[in-house]
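This briefing covers aromatic ring pairs and charges placed over rings. The sequence and structure come first.

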Amino acid sequence: MPNDPVSDAPRHAELSADGIEVAFRHAPTGMAVIDLDGRALTVSPVFCTLLGRPETDLLGRSLVDLLQPRQVEAVRQWIDRAAGRAPGRPVRAEAWLTRPDGTRRWLVVDAVMLADVSGRSRYGLVQLHDRTESKTMEEALRGSQEELSALVDSAPVAIYMVDLDGRVLLWNPAAENTFGWSAAEAVGEILPIVQEDRLEEFAAFRRRILDGHPLIGVVVERRRRDGQPIDLELWTSAVHDADGRPTAIMAVAVDATERLRAEAALRTSEHRWQAVFRNISDTVTIIDRDGEVKLTTGQTKKILGYPRGYWHGRSLFDLGHPDEADRARDLLAELLAEPGREVASELRGRHAAGHWEHLSVTGVNLLEDPDVGALVITTSNITAVKLVERLLTDQAHILELIARNAPLEETLGSISTMVEQHADGSRAGILLLEGERLVPRGGHSLPLDLLHRITTPEIAEPEGAAVLEVTQRPVEVRDTSTDPLVRHCRDVLRAHGLLAMSSVPIVEQANGDVLGAITTFYDSNRGPTDHERRVVEVAANLVSIAVKRQAAESRLAHQALHDDLTGLPNRTLLMDRLEQAVTRAETSGRSVAVLFIDLDRFKVVNDSLGHGPGDELLVAFADRLRAAVRPEDTIARFGGDEFVVLCEQPAGSRTIFAIAERLDRALTEPFNLDGGEVFLTASMGLVIGAEPSPDALLRNADAAMYRAKERGRNRLEVFDDRMRAAAVARLNLGNDLRRALERSEFTVLHQPIVDVATTAVVGSEALVRWNHPTRGVLKPEDFMAVTEETGMVVTLGEWVLDESLRQIRALADRAASPSFSLSVNLSARQLGIAGMADRVAERLAAHDWPPDRLCLELTESVLMDDLDVTLGALLELKAHGVRLSIDDFGTGYSSLTYLQRFPVDLVKIDQSFVAGIDSPRKDDDERGTIVRAVVSMAHALGLRVVAEGVERAEQLALLRALDCDLAQGYLFSEPVTADAFVALLDEPPRWG
């Protein structure tokens with residue numbers, strides 16, 4: 001016979017009262033009732049457990065004594081105000097509590113005064129929530145956010161930082177939205193959100209923070225720009241410098257206005273026991289041994305969306321996910337097997353809306369307790385935490401892909417997959433803007449015909465313009481069958497069952513440029529949830545980071561292979577293409593042509609106009625060179641003012657000659673620079689053939705280019721068999737040169753330098769000779785170019801200096817002149833090495849030779865290689881007291897300006913000018929005029945003059961008449977060994 005509802009009513013009422021008492025005793029949160037003096041009248045077991053004290057230690061004791069000292073006074077004032085009056089506003093507090101056993105727990109305390117029938121406060125109800133795990137997770141999540149600083153600007157909460165004077169240093173977009181002041185208005189100003197009547201509170205908080213006590217979840221009242229008050233939940237911390245001194249305060253603020261209002265309204269409506277239980281954040285459910293629900297309290301609707309009485313009489317198994325049925329049965333079996341022991345698990349429950357939520361389930365078997373006789377289950381909805389954990393995991397995975405430079409397609413595919421996995425029934429794609437077109441770059445779940453529609457705006461003009469619109473602003477379409485925004489692809493959407501869509505633009509954080517959009521389609525008429533929106537925001541930011549990273553990598557790759565100034569391929573890329581060209585030539589049997597180009601006298605132009613116009617000139621020349629070559633040819637800037645053209649498989653030599661002719665014609669036109677018009681010429685060397693290696697091609701083209709310079713510049717020379725033989729000879733000579741020093745094949749000879757007035761020997765120029773084992777004695781002009789090419793000139797030059805100092809030190813005492821000096825040639829390579837001046841000083845000290853009696857000779861071309869570097873090196877040498885001389889003056893870039901600029905002591909007139917000064921021929925007379933001019937100019941600048949190549953007494957007489965200071969040449973002696981030089985010193989002057 002069915003149960004009579006009327007006759008069962010008393011039993012149900014009793015069950016409800018018993019249930020409330022049971023819930024109090026066995027609620028998962030700590031419960032206590034206190035009197036108006038704060039003494040505990042009754043406490044639940046969980047309350048004792050959370051405080052770590054037995055019930056006997058708590059009953060009759062003032063719970064106020066257990067509070068932290070700073071909380072005691074406020075709580076006592078609250079109790080005093082509540083005594084004898086109507087119940088007041090509920091109180092909430094949060095803090096770490098250290099229990100007697102030393103463990104720490106984070107507790108949330110809710111306290112409310114309860115009224116008797118007359119409406120006056122009589123008892124207080126205290127509820128403790130253990131939030132240690134969630135607090136720990138909260139701190140971990142905060143730490144994770146700090147590590148992901150790239151996402152600060154996209155943070156959904158207000159973040160700001162102020163200096164020690166209260167001036168704003170950081171103000172993120174969420175702060176702008178929360179408070180109404182833009183970053184431009186806030187940064188640099190005193191924190192605007194603090195009302196005048198709250199300044200003392202603000203100052204106290206600041207002192208507390210700087211003393212090392214940050215605010216953690218503290219609720220304060222502040223104001224918006226429009227003057228409206230706002231309740232904020234604040235987390236703050238001091239920022240310290242490297243020395244540990246506080247420099248600023250960082251704050252994270254959450255707008256808690258609505259939440260606090262809602263909580264206040266909720267707490268106001270609470271009444272004694274039932275109000276407390278009905279508003280417990282967790283759900284407490286009493287079930288029998290078969291899993292049928294007998295009583296449910298707490299936020300049942302908040303957890304799974306069902307009304308409060310929906311579960312009564314139902315089985316918990318009806319709400320569980322089918323895949324986790326075995327886990328639910330195991331939980332029930334474990335509860336039944338072990339009475340009194342707490343058993344926990346995580347399960348998924350069906351929400352009233354149809355989707356699945358993650359639940360934390362904790363149960364205890366109290367069937368044997370006569371007051372309960374049931375299983376007590378506590379349920380918490382942990383979906384938000386699970387989703388955050390999952391999002392952080394996915395985000396970390398994608399950031400790892402970006403960090404290890406994974407292919408962009410792989411990274412974008414992972415991002416679109418992340419979006420889909422966080423939104424049931426969705427298909428996501430990443431569309432990037434390339435010019436005016438959308439290009440699908442991430443995700444493979446969107447149908448190809450749909451991608452074709454949404455990335456081809458011209459398909460349905462004028463509707464096609466709407467395709468690009470989805471990249472410019474957030475868009476949500478809840479019904480694709482009616483919304484005009486998607487009318488151009490409605491039929492495709494219908495065919496694939498895609499009923500709704502949303503699109504979020506991908507924005508470059510640095511400059512606000514729109515890069516594209518993340519577009520998500522759904523199989524139901526809905527919009528994205530808050531979590532799904534958050535996922536897409538994170539995804540868009542990750543796409544921006546990935547695209548920016550790839551662009552940076554591309555720029556670096558381009559910069560590594562291209563010249564920064566002209567944009568042409570650099571030496572590295574040229575060598576790679578040369579190697580490929582040689583390989584293809586070997587396979588096809590065709591030839592490769594290389595044109596080596598060097599701009600004539602570019603250094604003079606560069607030094608005259610400056611480096612800025614010089615760079616501009618190089619860029620302009622590169623443009624003309626581009627116009628002269630074929631599209632398939634490679635142009636490279638080889639270095640400085642040198643360029644190389646690589647022409648693969650030319651149609652005979654006429655192809656490369658045509659390029660050279662076009663370039664020559666292009667150079668007939670002046671270059672217009674700020675400093676006026678500049679004309680350029682170029683020396684070009686060409687090699688055509690199937691050389692065995694890229695190095696051989698370049699070396700031979702370079703040799704031909706130098707031949708063009710030797711023959712007067714502004715011409716093209718082709719590498720031929722004769723030049724090839726010379727190149728082979730140079731190569732062999734270079735190989736012999738590497739072993740020459742080891743075999744002591746070099747000799748230092750001395751040529752005397754005489755005083756023109758007295759003809760006394762006053763110095764010696766050290767000249768090196770190479771006693772080659774097969775080629776005989778070689779002069780410097782036969783091998784010095786090779787020493788420069790191989791770099792041996794530095795080692796050889798140091799040996800010559802050391803050996804000549806050793807020899808001259810032994811015979812200098814025989815010289816009649818007390819200021820007898822040694823002259824040694826210095827190469828460009830030597831002058832350019834670091835520490836050259838110090839090396840010279842070391843050798844002088846080692847041989848005890850006075851610095852002012854050593855003259856280092858440099859040619860004009862050496863001085864002009866790099867004016868700034870050269871001048872610095874010369875000044876370092878002068879600082880050690882060494883004298884300097886310009887050799888072969890008049891054959892290079894002779895200029896009074898350079899003589900004034902360089903710290904030289906002597907000028908040596910080249911023998912080509914001295915040779916004809918005693919001849920009656922007109923051109924020789926002109927040479928005499930040049931010698932006369934050089935001597936006059938040098939003396940005007942306080943320099944001494946040395947005439948080279950003096951061979952006849954008549955020349956010596958004319959030099960004396962011109963007031964020349966010193967001379968050397970075969971008239972006095974050819975270069976001789978040190979022993980033979982002694983005889984010259986012992987003889988009296990005889991060339992008078």
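F746 is buried, at 6% relative accessibility (buried is under 20% relative accessible area, exposed over 50%, partly exposed in between; 1.4 Å probe, protein chains only). The model is predicted: local features need pLDDT of at least 70 and side-chain atom pairs pLDDT 80 or more, while totals for chains, interfaces and linings use all residues. Residues are numbered from 1 along each chain as its sequence is written, and side-chain values use heavy atoms, without hydrogens and water.

**Ring pairs**
- The whole structure holds ten aromatic pairs (Phe, Tyr or six-membered Trp rings with centres within 6.5 Å; planes under 30 degrees apart are stacked, over 60 edge-to-face, the rest tilted).
- F746 and W799 form a tilted pair, because their ring centres are 6.4 Å apart and their planes meet at 50°.
- This pair joins strand β28 (residues 746-755), which holds F746, to helix α26 (residues 792-811), which holds W799, across 53 residues (helices, H or I of at least four residues, and strands, E of at least two, are DSSP runs numbered from the N terminus).
- W799 is partly exposed, at 27% relative accessible area.
- W770 and F783 are edge-to-face, with centres 5.6 Å apart and planes at 85°.
- W770 belongs to strand β29 (residues 761-772) and F783 to helix α25 (residues 780-790), so the pair ties parts 13 residues apart in sequence.
- W770 is buried at 0% relative accessibility, and F783 is buried at 1%.
- Ring pairs link F746, W770, F783 and W799 into a cluster.

**Charges over rings**
- R571 lies over the face of F638, 3.9 Å from the ring centre (NZ of Lys or CZ of Arg within 6 Å of the centre and within 35 degrees of the ring normal).
- The charged end of R624 sits over the ring of F671, at 3.7 Å from its centre.
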